[in-house]
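Please open the structure in your viewer and keep the selection panel at hand. The stops below are meant to be taken in order.

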Amino acid sequence: MSKLASSEYYDLVRTTNWTPSYVPESELFPEAMSGARGIPAEAWETFDEPYKVTYSDYVATQREKDAGAYSVKAALERANYIDSADPGWISTLQAHYGALAVAEYAAATAEARMARFSRAPGNRNMATFGMLDEMRHGQIQLFFPHEHTKRSRQWDWAHKAMHTNEWAALAARHMFDDMMFTRDAVSVAIMLTFAFETGFTNMQFLGLAADAAEAGDHTFASLISSIQTDESRHAQQGGPVLKILIANGKKDEAQKMIDIIFWRAWKLFSVLTGPILDYYTPLEHRKQSFKEFMEEWIIGQFERQLNDLGLDLPWYWDEFVRSLDETHHGMHMGVWFWRPTVWWNPAAGVSPEERDWLEEKYPGWNSTFGRCWDVVTENLQKGREDLTLPETLPTICNMCNLPVVGTAGDGWNVKDYQLVHNGRLYHFGSEVDRWCFQQDPERYQGHMNVVDRFLSGEIQPQNLAGALLYMSLNPGEIGVDAHDYAWAGIGKKNQAAE
Amino acid sequence: MSKHTSGDAYRNNRVGPILRAGEVAQAAIQAVEDDNPGKKIHVEDRTAYIRIECEDECILTRASMEEALGRPFQMREIEINLGSFSGQIDTSEERVRFYLAKHI
């Protein structure tokens with residue numbers, strides 16, 4: 001029996017906008033879920049996915065992808081790579097899994113919303129595959145770290161993080177909830193599949209894979225790059241939706257959605273991917289700096305695609321480009337300083353050789369961020385570890401839920417951008433964070449960031465111990481310096497011996 | 001800190017596949033050379049992935065992949081290794097086309 005070429009039946013089987021007879025169309029596709037924005041059904045039917053796949057092809061391809069990733073894992077498992085890996089690399093893996101594995105299920109939910117509620121039949125079709133993709137990503141990224149739970153309790157956070165009130169998990173969840181759980185099908189197509197997946201996930205799943213391969217962690221490199229092959233397909237749902245919005249006079253609305261989520265994604269990656277690529281990954285394995293990866297993937301590639309589809313640069317482009325030299329350095333310092341409050345062991349990454357690399361990649365680093373690290377290093381060398389540990393609260397942004405940061409030392413510019421809304425004072429890390437909030441205050445106004453919760457008395461007792469309890473961080477999970485301060489030329493162990 | 005010239009990095013017209021390193025990526029380098037005669041092909045090897053790009057439009061055909069691999073190849077198999085791509089995409093059973101709608 002000869003098989004029909006998919007191009008001969010694809011368009012026909014995709015034609016599934018039937019006329020409902022039991023319920024009105026407005027009940028079948030409620031606006032709150034579909035987000036058709038008054039654009040008629042015929043316009044949505046012009047949705048033509050550029051990256052086509054049939055179910056039989058999908059199953060065959062996915063089976064091969066999984067066979068590849070699982071066989072690499074099985075082949076390398078006995079080599080116990082993890083036992084000899086640099087502690088900074090272990091932290092990279094633990095931060096990655098905790099921030100992303102369970103969140104993949106949120107992405108599956110978002111895809112399911114498009115699969116059910118999109119007015120475009122082609123979108124519903126592609127989103128069904130996208131939903132299955134995201135379930136694969138959740139499962140595989142919970143399975144791979146599981147073998148390491150015998151090594152330390154921090155590995156358990158691959159599963160645990162998203163179920164806690166740990167601050168970084170809270171920040172990630174605020175962003176993912178905004179983008180995945182609380183948006184209509186059209187917004188999901190634009191914000192999740194287009195902006196987040198065509199743009200930013202490349203940083204974490206291919207940029208980081210380059211460092212992983214350099215570090216000899218072929219299991220992880222194979223895993224995350226395999227995940228990104230799913231993303232590169234299902235991310236293509238955003239393009240056709242954008243084209244329909246623009247053709248129907250909704251360009252401004254599309255642009256605003258991109259501008260909001262681009263910034264939110266940037267902030268999240270500045271705390272997750274930035275420190276990993278520029279500080280945790282062992283120096284000899286760094287393929288490029290975080291900024292260089294951002295230039296490659298986000299500016300050179302994603303922004304070019306946006307432009308090609310007829311959108312403009314985000315209004316805050318200059319500020320975004322400026323912050324490529326700043327935000328993640330500040331975030332890294334904050335994470336390291338508040339290290340007891342994260343589920344991985346932050347690597348300081350500021351040994352003399354690493355500082356040379358930072359100065360080369362970010363000219364001026366030594367006279368700005370480096371000066372803070374001078375003080376930290378000096379304190380450690382004087383045996384004053386206590387001065388390098390948190391006793392006070394940071395100011396946390398009410399949009400990104402991350403610390404308010406800026407340039408340190410000679411370039412000092414740290415500023416709390418404030419807004420009084422309905423009698424409540426909100427704090428923001430930048431003009432753009434405040435702008436995001438102002439686009440939809442009702443959506444964000446009720447949220448309490450972790451410092452708000454601390455000050456309101458929700459966290460008890462009101463000290464570090466109380467905060468750790470609230471964040472479900474138990475002994476053996478609480479972050480410590482990844483290299484036991486060896487980078488400062490001393491190390492706690494050396495001191496104890498003296 | 002450094003001068004901010006990186007904001008212009010989007011002013012390029014590069015398009016093409018970004019493949020996970022391996023046999024298929026190596027074959028695709030050859031296939032892209034064959035499928036885009038007269039074009040300069042930029043290959044960027046980043047250990048885990050390889051960028052294969054040329055200006056404005058980049059074609060990759062099933063026939064050239066079979067030739068380069070020396071075995072049968074279905075176009076859908078490219079997905080197993082297609083981690084990303086630059087430009088817009090258009091797929092069919094005989095070729096994948098990466099392109100930009102407008103040159104800047």
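Begin by colouring this predicted model by chain, and select the place where the two chains meet: 33 residues of chain B are in contact with 46 residues of chain A. On the side of chain B that touches chain A, β5 (82-86) and β6 (88-91) of chain B each supply at least two residues, and the largest share, five residues, comes from β5(B). Sorted by class, that side of chain B has 12 nonpolar, 14 polar and seven charged residues.

Next, select residues 87-100 of chain A, which form helix α7. Its end C-alpha atoms are 20 Å apart, which agrees with the 20 Å that 14 residues should span at 1.5 Å a residue. Of these 14 residues, 13 are buried, so α7(A) is largely enclosed by the rest of the structure.

Now show α12 (residues 185-214) together with α14 (residues 238-247), both of chain A, which pack with their axes 8 Å apart at an angle of about 130 degrees. That angle makes α12(A) oblique to α14(A), and the crossing of the two helices is left-handed. To see the contact itself, display Val186(A), Ala189(A), Ile190(A), Thr193(A), Phe194(A) and Thr198(A) on α12(A), and Gly238(A), Gly239(A), Val241(A) and Leu242(A) on α14(A). The residues of this contact divide into six nonpolar, four polar and no charged.

Move on to Thr54(A), in the loop between α4 (41-44) and α5 (55-77) of chain A. Leaving aside residues up to four places away in sequence, Thr54(A) touches Ser6(A) and Tyr10(A).

The last stops concern the backbone. Most residues other than glycine have a negative phi, and most peptide bonds are trans. Select Arg37(A), in the loop between α3 (31-34) and α4 of chain A, where phi is near 55 degrees, a positive value in a residue other than glycine; Arg37(A) is partly exposed, with 17 other C-beta atoms within 10 Å. Then go to Asn422(A), in the loop between β1 (417-421) and β2 (424-428) of chain A, where phi is also positive, near 50 degrees; Asn422(A) is exposed, with 8 other C-beta atoms within 10 Å. Finish at Pro461(A), in the loop between α23 (450-455) and α24 (464-470) of chain A, where the peptide bond from Gln460(A) to Pro461(A) is cis, with omega near -10 degrees.

Note on methods:
Residues numbered from 1 in each chain as written. Chains lettered and ligands numbered in written order. Predicted model: local features only at pLDDT ≥ 70, side-chain atom pairs only at ≥ 80, totals over all residues. Helix = DSSP H or I, 4+ residues; strand = E, 2+ residues; numbered from the N terminus. Expected span 1.5 Å × (residues − 1). Buried ≥ 20, exposed ≤ 12 C-beta atoms within 10 Å, placed from the backbone. Contact = placed C-beta atoms within 7 Å. Nonpolar A, V, L, I, M, F, W, Y, C, P; charged D, E, K, R; others polar. Axes fitted to C-alpha atoms, helices over the stretch in contact; angles between N-to-C directions. Parallel < 35°, antiparallel > 145°, perpendicular 65-115°, else oblique. Left-handed = near helix turned anticlockwise from the far one by under 90°.
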